[in-house]
Amino acid sequence: MKTLLPLPLMLALVLAPTVHATDTDGANGNWVVRFGAHVVDPKNDNGRLAGMNTTISSNARPTASIEYMLIPAVGVDALAAIPFRHEVRLDGSKAATTKQLPPTFGVNYHFLAGQPISPFVGAGFNYTRFFSSKGEGILQGARVKIDNSWGAAAHAGVDFQLSRAWMITADVRWISIHGNVHVNGANVGKASVDPWVYGVSAGYRF
């Protein structure tokens with residue numbers, strides 16, 4: 001990873017002393033909405049395109065998620081975001097930029113549901129749509145297309161309950177994202193993004 005993965009967890013630990021024992025039993029309802037910001041941080045080695053080593057930049061954007069609690073400990077969630085923008089480099093030289101939307105769906109298990117601090121883990125799937133891809137730098141003027149991707153997703157995080165309705169959540173996801181890359185119609189290889197996605201959000205239960 002190109003940036004420090006534990007950053008959101010470190011921020012959450014700073015917030016942890018503000019969390020106090022709160023009666024969260026039956027808190028407000030089964031829906032939880034969260035608004036925050038997340039970083040999409042691709043893995044270091046993103047494959048080879050046209051015989052050259054490929055690297056893809058990180059990017060941060062505002063995010064939103066919604067979770068429905070089936071039972072106190074189990075919820076289903078969906079993550080959405082403003083489109084992320086990435087720069088693609090080939091052997092260190094700028095070659096293209098692209099945007100992507102990565103809606104992600106999953107099931108989470110909350111270990112200490114109803115407690116002031118509750119860690120959770122989850123698993124699900126992701127669909128990533130690439131768009132507005134264009135050649136730049138060494139590929140200036142070239143037509144670039146990246147195929148959309150379906151993949152597995154893993155999720156882990158911690159909820160810090162501030163009141164019966166409000167919470168702070170720090171979480172991290174790993175998402176399998178990959179797509180064939182086409183330049184002027186020719187397939188030049190597959191980009192493997194496989195990012196960690198991490199951030200902090202404020203949540204409201206109703």
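## Close-up views of a predicted model

**View 1. Arg173 is buried, with a relative accessible area of 3%, and its side chain meets that of Asp171 in a salt bridge.** Buried means under 20% relative accessible area, exposed means over 50%, and partly exposed lies in between, as found with a 1.4 Å probe and protein chains only. The model is a predicted one, so local features need pLDDT of at least 70 and side-chain atom pairs count only at pLDDT 80 or more, while totals for chains, interfaces and linings use all residues. Residues are numbered from 1 along each chain as its sequence is written, and side-chain values use heavy atoms, with hydrogens and water left out. A salt bridge is a side-chain nitrogen of Lys or Arg within 4 Å of a carboxyl oxygen of Asp or Glu, and the pair shown here has an N to O distance of 4.0 Å. Asp171 is also buried, with a relative accessible area of 6%.

View 2. The structure holds 10 salt bridges. Strands are DSSP runs (E, at least two residues), numbered from the N terminus. Glu67 is buried at 1% relative accessible area, and Arg34 counts as buried at 7%.

**View 3. Strand β6 has a covered face and an uncovered one.** Phe84, His86, Val88 and Leu90 make up the covered face, whereas Arg85, Glu87 and Arg89 make up the uncovered one. Two strands pair if DSSP finds at least two bridges between them. β6 runs antiparallel to strand β3 (residues 52-56), with 3 bridges, and antiparallel to β7, with 7 bridges. Thr55 has Arg89 of β6 as its bridge partner, and Phe84 has Gln100 of β7. β6 and β7 form a hairpin with 2 residues between them, and Asp91 in the turn has a positive phi of about 50°. Glu87 and Arg89 also belong to a network of salt bridges that includes Lys94, Lys134 and Glu136.

**View 4. The largest nonpolar core has 20 residues.** Such a core is a set of buried Ala, Val, Leu, Ile, Met, Phe, Trp, Tyr and Cys residues joined through side-chain atoms within 4.5 Å. Ile56, Phe130, Val144, Ile175, Ile177, Val181 and Val193 touch the most other members. At least two residues come from each of β6 (84-90), β7 (93-101), β10 (144-146) and β13 (178-183), and β6 gives the most, with 3 residues. In soluble globular proteins, nonpolar side chains tend to be buried together.

**View 5. Gly135 lies in strand β9 (residues 117-135) and is buried, with a relative accessible area of 6%.** Contact means heavy atoms within 4.5 Å. Leaving aside neighbours within four places in sequence, Gly135 is in contact with Ala95, Ala96, Gln140, Gly141, Ala142 and Val144. Gly135 and Lys94 are 41 residues apart in sequence, and their C-alpha atoms are 8.9 Å apart in space.

Conventions
Helices (H or I, at least four residues) and strands (E, at least two) are DSSP runs, numbered from the N terminus.
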